[in-house]
Amino acid sequence: QVQLVESGGGLVQPGGSLSLSCAASGTFFSINDMGWYRQAPGKQRELVASITAGDTTNYADSVKGRFTISRDNVKNTQFLQMNSLKPEDTAVYYCNVRFTGSRLREYDSWGQGTQVTVSS
């Protein structure tokens with residue numbers, strides 16, 4: 001089992017920056033892919049950014065060049081640096097971890113979600 005604790009988020013003006021972090025703890029063999037998703041009211045949850053164990057990153061087109069995902073494998077923590085924020089970035093942001101657990105199977109774990117609001 002892996003537990004995820006998110007921090008960061010809040011209210012920021014358009015053009016501003018915010019940083020999210022997500023720390024994983026628990027019992028696992030390895031942490032593989034890590035990622036951030038978001039869900040705006042009335043919309044489906046969508047992938048924002050992901051990073052593999054080998055540090056290969058992937059971004060939604062809407063955030064390329066503005067958001068940066070990174071990870072600290074020693075602390076089992078992932079980060080999302082969000083710059084040049086726009087009102088359309090307003091959503092609840094969820095971190096996700098894919099890990100290898102018991103019986104060497106892969107499992108997913110989700111954070112509790114943190115609200116990001118971009119508004120003047």
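These are my notebook entries on what I looked up in a predicted model.

**Ground rules.** I number residues from 1 along each chain as its sequence is written, and I use heavy atoms for side-chain values, with hydrogens and water left out. Since I work on a predicted model, I ask for pLDDT of at least 70 for local features and count side-chain atom pairs only at pLDDT 80 or more, while totals for chains, interfaces and linings use all residues.

**Entry: two glutamines.** I looked up glutamine 13 and found it in the loop between β2 (10-12) and β3 (18-26), where strands are DSSP runs of E with at least two residues, numbered from the N terminus. Glutamine 13 counts as exposed because its relative accessibility is 54%; the cut-offs are under 20% relative accessible area for buried, over 50% for exposed and partly exposed in between, with a 1.4 Å probe and protein chains only. Leaving out residues up to four places away in sequence, glutamine 13 touches Val118 and Ser119, contact being heavy atoms within 4.5 Å. I also noted proline 87, which is 74 residues from glutamine 13 in sequence and 8.3 Å from it in space, C-alpha to C-alpha.

I then turned to glutamine 78, which lies in strand β8 (residues 77-82) and is buried, with a relative accessible area of 0%. Its side chain has a polar atom 3.2 Å from the backbone nitrogen of glycine 35, and the side chain of glutamine 78 also reaches the backbone oxygen of asparagine 96 at 3.2 Å. Among the residues that glutamine 78 touches, not counting those up to four places away in sequence, I listed Leu20, Cys22, Trp36, Ile69 and Cys95.

Entry: Strand β4 (residues 30-39) and strand β5 (residues 46-51) run antiparallel and are joined by 5 bridges, the condition for pairing being at least two DSSP bridges between two strands. The two form a hairpin with 6 residues between them, and glycine 42 in the turn has a positive phi of about 75°. From β5 I went on to strand β6 (residues 57-59), which is antiparallel to β5 and joined to it by 3 bridges, with isoleucine 51 opposite threonine 57. In this hairpin, which has 5 residues between the strands, aspartate 55 takes a positive phi near 70°.

Entry: For methionine 82 I noted contacts with Leu18, Leu20, Phe67, Tyr93 and Val116, among others, leaving aside neighbours within four places in sequence.

Entry: I searched the whole structure for aromatic pairs and found 2; rings of Phe, Tyr and Trp (its six-membered ring) pair if their centres lie within 6.5 Å, and planes under 30 degrees apart count as stacked, over 60 as edge-to-face and the rest as tilted. Phenylalanine 99 and tyrosine 107 are stacked, because their ring centres are 5.6 Å apart and their planes are at 25°. Phenylalanine 99 is buried at 3% relative accessible area, whereas tyrosine 107 is partly exposed at 30%.

Lastly I looked up arginine 45, whose charged end sits over the ring of tyrosine 94 at 3.8 Å from its centre; this requires NZ of Lys or CZ of Arg within 6 Å of the ring centre and within 35 degrees of the ring normal. Arginine 45 also lies over the face of tryptophan 110, 4.8 Å from the ring centre.

How values were computed:
Helix = DSSP H or I, 4+ residues; strand = E, 2+ residues; numbered from the N terminus. Polar contact = N/O pair within 3.5 Å; in protein donor to acceptor, adjacent residues only side chain to side chain.
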